[in-house]
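Here are a few exercises to work through with the model open. Try each task before you read its solution.

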Amino acid sequence: MKTAIETKNLTVVFRGKWGVQKRAVHNLSLKVSEGSIFGFIGHNGAGKTTTIKILTGLCRPTSGEAEIMGISVNNVAARNKIGFLPENPYFYEYLTAGESLTFYARLRGIPRKDINKRVDELLDEVGLKDAKSRAVKGFSKGMKQRLGLAQAMVHNPEIYILDEPLSGLDPVGRREVREKIIELKKKGSSIFFTSHVLADVEMLCDEVALVSQGELVSFGKIDELINREVISVDIHGEGFEQGCLKKLEKLCKHMVHKDNTVLITVDTEEKAQQAKEILEKGGGTLRAMIPHRENLEDFYVRNSRGV
Amino acid sequence: MKFTIIALNTFRETMRDRILRVIVGVSIFVIVISKIIGELSIGQDLKILVDFSLGTIDIFGVVLCIFIGASLIQREIDKKTLYTILSCPMNRWEFIFGKYLGMCMTLFVSTFVMGIFFCSYYFLMGGQVSLDLVGCIVMLFMGLMVLNSVAILLSVLTSSSVSIIVTAITFFIGRSTYHLKAIPQFSDSATLNYLTNIMYYILPNFNNFDIKEEATHALTIPSEVYLYAFLYMVVYSSVMLYLASLAINKRNL
Ligand SMILES: Nc1ncnc2c1ncn2[C@@H]1O[C@H](COP(=O)(O)OP(=O)(O)O)[C@@H](O)[C@H]1O
Ligand SMILES: [Mg+2]
C-alpha cells in the first residue's frame, strides 16, 4: 500500500521566552497508509498540533523530515495534496460563509467559472446553505467547524488533516463530523486526525498512534493496540430483598445503596452475571448493566510503562 | 498569482474597517473648514486651503498606515486566520506581498477620494488645479506606500502595539531626516554622530515625497523629482518586503 504521510525522526524544539527551550515533538517516525483513517491520540500538550503544523507547513522541523505523498513538506506543492482543518478554526469575521469559501476556492486554484457552483455544493454538504450570506462573526463553534470542513474539502484533496475535529461539539455535531469522516474515506481520501478521546479513535480509525510528551508510545492497527476486553461492569438494581446485599458486597469492587436501589461495580463480566442472578433471586429487578472498556487513561498507563 | 487573491481580500478587509470611513469623513470635514479658517487671514485663504488640505490628506493616510497597516500581519498570526490560508499552496512572501498590495489599494482609494474632493472644492472656491498640485497628491501617496512597507515589516516582527508605536516614530523621524543629518554639527559625541548617520540611511526619507512647498508657491517641479521619488519608493519598499518575507519564513506559526 502506498504511503500518504510519512515522518522520519521528526523533532521540533521551540525557543520560548528568555531562550527557554521546549521540546514539543521528539524523534517521531510515522507512516500513514493511503486510504486509511489514522488517529493520532494523546493528552493536551502531547505534541499533536505541533506535528500537524509541520505537516501543513506552518512550522519548520528542528530536525528530521516529513513527506506528503512523497513530497517534502518544505515544498509548497505538498500543500496541494492536503485539506486542513485547524483546531478551533478561525476565519475572517468580516466575510460571509459564502465569501469565505470563495476565497479559499480561489486560493486553491479552482477555475473561476466553477467557483460558485462548488461553493454552493460545499455549503449544502456541510449544512450551511442557509448561512451562506451570514457573516462568520456570528457563527457558533459548531458552524465554524462545519465551515472549516467545507474549506478543507474545497479541492477534494487526497489527504485530510483534521486537528481535534470532534472536540467542543455537542453530541449531534460529533455524530455529523464522524459520519463526514467516514464518507470522505469512502470517497478514497486518507484522513489523519487528532483526538484526546480514545472512544472517537476506536470508532473510526484503522490505525492509531499514541504520543506522550512528544514521543511515540505505540503505533499500529487499532485492534492490535487497544484492549477490547471489558475491564469493569456497573450494575444498577432495585426492589431486592435486603439479604442480597451481603452476597453482592462480597462480589464487587464497589457498592453504593440507598433504600432499595443499589449500584455496584464488578471487574469481570462473569461476576456481573453472578450479581445479576443474585439480584433476580432476591426478587429484585435489573435496571441497567453497563460494561466499561479501556479508556485513554488506562491505555496510556498500560502503554507508557517502560517509556 | 496567489498574491492578487490575498491583495483583493485585504483590500476588502480594510475597506470594511470602520476606521477608514471615519478618517475619510473627518478629513473631508477638515478640508471644508480650512477655507473658513483661511478667510480669517485676508488674501491668503486659498493658500491656507491648499496647505491644510494636503496636510490632512497626508496625515490621515499616515494614520491609516499606523492603525491598519501596522497590525495587518500580526493580527492574522494572533487570530490564527493564517492557518487555513498558508495551508494552501502559496509561498509566505506571496502572502506578505498580497497584504501590502491590498493595503496600498486602500490607501490609493482613500487618497483618491480625499484628493478628488479637495481638487473640486479648491476649483469651486476659485483656485487653479495645476498638474503639480495633482503631482503633489501622487507624491504623497508614494510616501504612504513606503510607510506602509515599513508598517508591514514591523507587523511581522513585533506585536501590534509595538509596531503601531514604532511605525509612528518612523514616520516622524523620516519626516525630519534633514534635522537628523544636521545633528553632528551641534554635537561632538562620536557615538551620537554614528547613530544619527545610521538612522539617516536606514529610515525612510519622506522629504523625497514632499513637494508641498513648491506646489503651493506655484513653482514648476522638474520631472526628475518625480522619477527619483518613484525609484526610491520601489527600492525602499522592496527591501522592506524582502526583509518581512525573510522574517515570516523563519517564524513558527
Ligand atoms: N509556539 C510555541 N512555543 C513554545 N512552546 C510551544 C509552542 N507551541 C506549542 N508549544 C508547546 O509544545 C507542547 C505541545 O503542544 P501541542 O502540539 O499544541 O500539543 P497538543 O496539540 O497535543 O495538545 C506543549 O507543551 C506546548 O506548550
Ligand atoms: Mg492540540
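**Exercise 1.** Find the bridge partner of Glu238(A) in S14(A).

*Solution.* Start at Glu238(A) and step across to S14(A): the partner there is Thr285(A). Next, look at the strands themselves (DSSP runs of E, at least two residues, numbered from the N terminus). S11 (residues 230-238) and S14 (residues 285-293) of chain A run antiparallel and are joined by 8 bridges. Strands count as paired if DSSP finds at least two bridges between them.

This is a predicted model, where local features need pLDDT of at least 70 and side-chain atom pairs pLDDT 80 or more, while totals for chains, interfaces and linings use all residues. Residues are numbered from 1 along each chain as its sequence is written, chains are lettered from A and ligands numbered from 1 in the order written, and side-chain values use heavy atoms, leaving out hydrogens and water.

**Exercise 2.** Which residue of S13(A) stands opposite Ile235(A)?

*Solution.* Go to S13 (residues 261-266) of chain A, which pairs with S11(A) in the antiparallel sense over 6 bridges. Opposite Ile235(A) you'll find Ile264(A).

**Exercise 3.** Track down the polar contacts (N or O atoms within 3.5 Å) that oxygen atoms of ligand 1 make with Ala46(A), Gly47(A) and Thr49(A).

*Solution.* Take the backbone first: an N or O atom of Ala46(A) sits 3.1 Å from a ligand oxygen, and one of Gly47(A) sits 3.0 Å from a ligand oxygen. Then try side chains: a polar atom of Thr49(A) lies 2.6 Å from an oxygen of ligand 1.

Definitions and conventions: A polar contact is a pair of N or O atoms within 3.5 Å; within protein, one must be able to donate a hydrogen and the other to accept it, and residues adjacent in sequence count only if both atoms are side-chain atoms. Helices (H or I, at least four residues) and strands (E, at least two) are DSSP runs, numbered from the N terminus.
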